[in-house]
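Terms are defined where they are needed.

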Amino acid sequence: MSAQPNPAPRGLAARGLRWLQALTGQDGLLPSAPRTVRIADAPLGEELARFIAVVPDGENRFPRARCGEVGLDEAWTLAQQVRGTMSEDQNQRPRALIALVDVTSQAYGRREELLGIHLAGAAAADAYASARLAGHPVIALLVGKAMSGGFLTHGYQANRILALDSPEVLVHAMSKESAARVTRRPVEALEDLGERIVPMAYDVRSFNRLGLVHRLIRGVNADAPGPADVERVRGELTAAVATARGAPRDLSSRLESDAARATRAASIEVRRRLAQAWDAV
Amino acid sequence: MRDSFIELRARERARAILDADTFRELLGPFDRMKSPWLPLQGVVTQADDGVVVARGRVDGKPAVVAAIEGAYQGGSIGEVSGAKIAGALELALRDCERGRPVRPVLVLETGGVRLQEANLGLAAIAEIHAAIVALRRHVPVVGVVAGLVGCFGGMSLAAALCSRLIVTRQARLGMNGPEVIEQEAGIAELDSMDGAEVWGLMGGEQRHATGLADVLVEDDVGAIAAQVREAFNTTAPPRSEQVQVFCRRLAGIDPGHPPSPKALRTLWAREGEP
């Protein structure tokens, strides 16, 4: 039971920054913003895309957002930056937004709740969704953890979700440790459960079986990408941007894959029956 | 005499919000659309999966209410309950795009994602967010958090995305529930058993006084129904679009010396009010 600030995040959640550097050649620091939100423009195929990452900072002014969590400053900065991109592009082709996702969770804390982290998170999700509706292709690339409120605010509003096939790419509503405490089950029991019940699993291959992943990118070194890895990923991103530009701006594609038809059958069935009853007298 | 809204179950809450005798439930308990995931874990299912979707009228205009039943699994969002909310909003959007506006009301009473359906709950919540943002461009999306469960997790973002948010004093609204904060950050961070502290942080009155909710209303069926009707006249931009206002407010905060909840009421006083 320690109330100490989180320790400096050595080696934690470093993949967001690594991939931002690999894909853009920049560190993405903003002139007057937290060091935790990194933004860089770089060529992607024939066009210029904007890459966005949330990264750890051991000296973040909010101690509960030092290890790659999306906290108050992070979420509001995401909202500000994404909306800024929308206004810059008002009279030109909307740039693609590439969210590089390695977020451990939302920030948990008293200050965060007092100051309305739920609204900050909503503002970030709102900005990404609004950008998508305005015609910006929004692509999430999962390179590390995509946990809970962190993912909802940074990545989950994307037109298309891409993921590296790596054991450290994890998607879930709650960290394993917290879920074990809340459900009073040992971590091993949760892992067993995840093997039987797909949506309970943490690994990205299980997540892929839910039909939510547009492309699972196999055979790439996620920790130390070489030039060939980076080129592969850039190619996948370029293709995803092209797909998104030619497709509806909503999230309907998440229910259209074979995997979704199998695993999210209930999500589809609920919508079908609601539509049937909607106008019935 | 007051007629408590909080004491009503989700179905009666939806009925109370809609104009008299217009309630028509879609995908109700007789349709038996239950969670496919809970039986695999030995958890009892419910025939409506804890969400009531009803069409009807609000002030004579076509409407849809999605009300979450806090008494079932803490109002948690699973695949089916989440799809019912997202699907209802998507159909309202379709009608709006066809020039037939539908007034959407969300009655939120939820701890967030249902952990037994983890990633499918989270996915549904992202779809709910997407639908609110799209629908809000056509018609106000009105949220009600009455209590006693409150509104937490990813669904607190849904509340914050609403065009207009109505709360009672008994409501709590926050991203992380007090128990989760205590678990993650320690009891020195927050004592979840200390009701006064919890309500001071995230109670309806505090949220309203600091500009994080639009309307504070008594726990009364008539008063809440009236405020829902009034909310559809709103033209103010949704709170989650007011990025500059809140960035400025946040920049004025020193995390090393955060204000007390009471002091925040002065710092973030409701715009246009003394």
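1. In chain A, helix α6 (residues 176–183) packs against helix α7 (residues 187–196) at an angle of about 100°, and their axes lie 9 Å apart. Axes are lines fitted to C-alpha atoms, for helices over the stretch in contact, and angles run from 0 to 180 degrees between N-to-C directions. α6(A) is therefore roughly perpendicular to α7(A); angles under 35 degrees count as roughly parallel, over 145 as roughly antiparallel, 65 to 115 as roughly perpendicular and the rest as oblique. Helices (H or I, at least four residues) and strands (E, at least two) are DSSP runs, numbered from the N terminus.

2. To this contact (heavy atoms within 4.5 Å), α6(A) contributes Lys176(A), Ala179(A), Ala180(A) and Thr183(A), while α7(A) contributes Val187(A), Leu190(A) and Glu191(A). By class, four of the residues in the contact of α6(A) with α7(A) are nonpolar, one is polar and two are charged. Here Ala, Val, Leu, Ile, Met, Phe, Trp, Tyr, Cys and Pro count as nonpolar, Asp, Glu, Lys and Arg as charged, and the others, Gly among them, as polar.

3. The model is predicted: local features need pLDDT of at least 70, side-chain atom pairs count only at pLDDT 80 or more, and totals for chains, interfaces and linings use all residues. Residues are numbered from 1 along each chain as its sequence is written, chains are lettered from A and ligands numbered from 1 in the order in which they are written, and side-chain values use heavy atoms, with hydrogens and water left out.

4. From α1(A), Trp19(A), Ala22(A) and Leu23(A) meet Val230(A), Val233(A), Arg234(A) and Leu237(A) of α9(A). The contact of α1(A) with α9(A) comprises six nonpolar residues, no polar residues and one charged residue.

5. Chain A is assigned domain 1 (12–250) and domain 2 (251–281), the bounds coming from an automatic or database domain assignment. Their centres, taken over C-alpha atoms, are 26 Å apart. Domain 1 of chain A gives 14 residues to the contact and domain 2 of chain A gives nine. The two domains bury about 870 Å² between them, with 48% on carbon and sulfur atoms; buried area is the accessible area (1.4 Å probe) that two parts lose on being put together, summed over both. Zero salt bridges are counted between these domains.

6. How many residues does each chain bring to the contact between chains? Chain A brings 77 residues and chain B brings 86. The area buried between chain A and chain B is about 7000 Å², and carbon and sulfur atoms give 66% of that area.

7. The structure holds 47 salt bridges over all chains, and 11 are found across the interface of chain A and chain B. A salt bridge is a side-chain nitrogen of Lys or Arg within 4 Å of a carboxyl oxygen of Asp or Glu. Arg64(A) and Glu189(B) form one such pair (2.9 Å, N to O). This pair crosses between chains, from the loop between β2 (47–54) and α2 (72–88) of chain A to the loop between α5 (178–185) and α6 (195–202) of chain B. Arg271(A) forms a salt bridge with Glu127(B), their closest N and O atoms being 3.2 Å apart.

8. A cis peptide bond, with omega about 10°, joins Gly147(B) and Leu148(B); Leu148(B) lies in the loop between β5 (142–145) and α4 (154–161) of chain B. Ser148(A), although not a glycine, has a positive phi of about 50°, and belongs to helix α5 (residues 148–153) of chain A.
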